Structure formats: structure tokens, C-alpha cells
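Keep the sequence and the model in view.

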Amino acid sequence: MCEKNRNYMYEMYSTMKKLKEQGEWANDFDKAVRCSKCGDWLPPYTRGRVHWCSCKSLGIDGTSHYTRVLYKENRPDQAEIREVEEVLKMTDW
Ligand SMILES: [Zn+2]
């Protein structure tokens, strides 16, 4: 588990919640995505800058209007996706 990534996730989630409350969230996707290699979870919102997982295999570029998911190599057949709130409650990453 990477404390830095967890703090980042929490920070981005707080911003997402604020944007939703203000009616400024127009992104259909609001879930966290997990890197299948290092196990890091990334938030769907990253202030429009690409944020990479610890092993740099999975990157997310998310705004209030879209979430772009980037893979350094091949896109996996299935991606693990969960509610951000649920991921923040998990302790094993
Ligand atoms: Zn990774």
C-alpha cells in the first residue's frame, strides 16, 4: 500500500464531491480503477493531468467532464473498477 497514493485518492475524491455538490460534475464515470500489476487504485478525477500508478503501467487523466484511462502496454481484457468511497475504506492496498 502506498500512503502517498491513498492521500491523493482522498484529495481527488473530496474535490469530486465538491464539484458534484456544486452541480459542476458532468462525467458519466466516477469510479476508481486498479492497476493489475502493482495493485494501486487511481481516482477518476486528476485535475486534468495524467496521474500514474506506482509501476507506471496505468495512468488516469480525469476532469469533471471525462476520464481518460491510459495503459503503458496492452489494455487488459478486464479492469478492476470500484466506487472510490469503497476503495478508501479498504486497507489492503
Ligand atoms: Zn501499477
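Q: Which residue in S5 is the bridge partner of Asp61?
A: This is a predicted model. Strand S4 covers residues 58–62 and pairs with S5 in the antiparallel sense, over five bridges. In S5, Asp61 has as its bridge partner Arg68.

Q: What is the strand order in the open sheet of three strands?
A: The pairing in this sheet is antiparallel. Strand S3 (51–52) and strand S5 (67–71) each have a single partner strand, so they stand at the edges, with one side of each left without a neighbour in the sheet. The order is S3-S4-S5.

Q: How many Å apart are the end C-alpha atoms of helix H1?
A: H1 runs over residues 3–21, which makes 19 residues. At 1.5 Å a residue, the helix should span 27 Å. The model agrees: the end C-alpha atoms are apart by 27 Å.

Q: Which residues of H1 are buried?
A: On the other side of H1, exposed residues include Glu3, Lys4, Ser14 and Lys18. The buried set packs against strand S1 (31–34), strand S2 (41–42) and helix H2 (84–89). The buried residues are Met9, Met12 and Tyr13.

Q: Within what arc do the buried residues of H1 fall, seen down the axis?
A: The residues concerned are Met9, Met12 and Tyr13. They line one face of the helix, because seen down the axis of H1 they fall within an arc of 110°.

Q: Which residue just after H1 takes a positive phi?
A: The phi in question is about 70°. It lies just after H1, and the residue is Gly23.

Methods:
Residues are numbered from 1 along each chain as its sequence is written. This is a predicted model: local features need pLDDT of at least 70, side-chain atom pairs count only at pLDDT 80 or more; totals for chains, interfaces and linings use all residues. Helices (H or I, at least four residues) and strands (E, at least two) are DSSP runs, numbered from the N terminus. The expected span of a helix is 1.5 Å times one less than its number of residues. A residue is buried if 20 or more other C-beta atoms lie within 10 Å of its own, exposed if 12 or fewer, and partly exposed in between; C-beta atoms are placed from the backbone. The arc is that of the directions from the helix axis to the C-beta atoms. Two residues are in contact if their C-beta atoms, placed from the backbone, lie within 7 Å. Two strands pair if DSSP finds at least two bridges between them.
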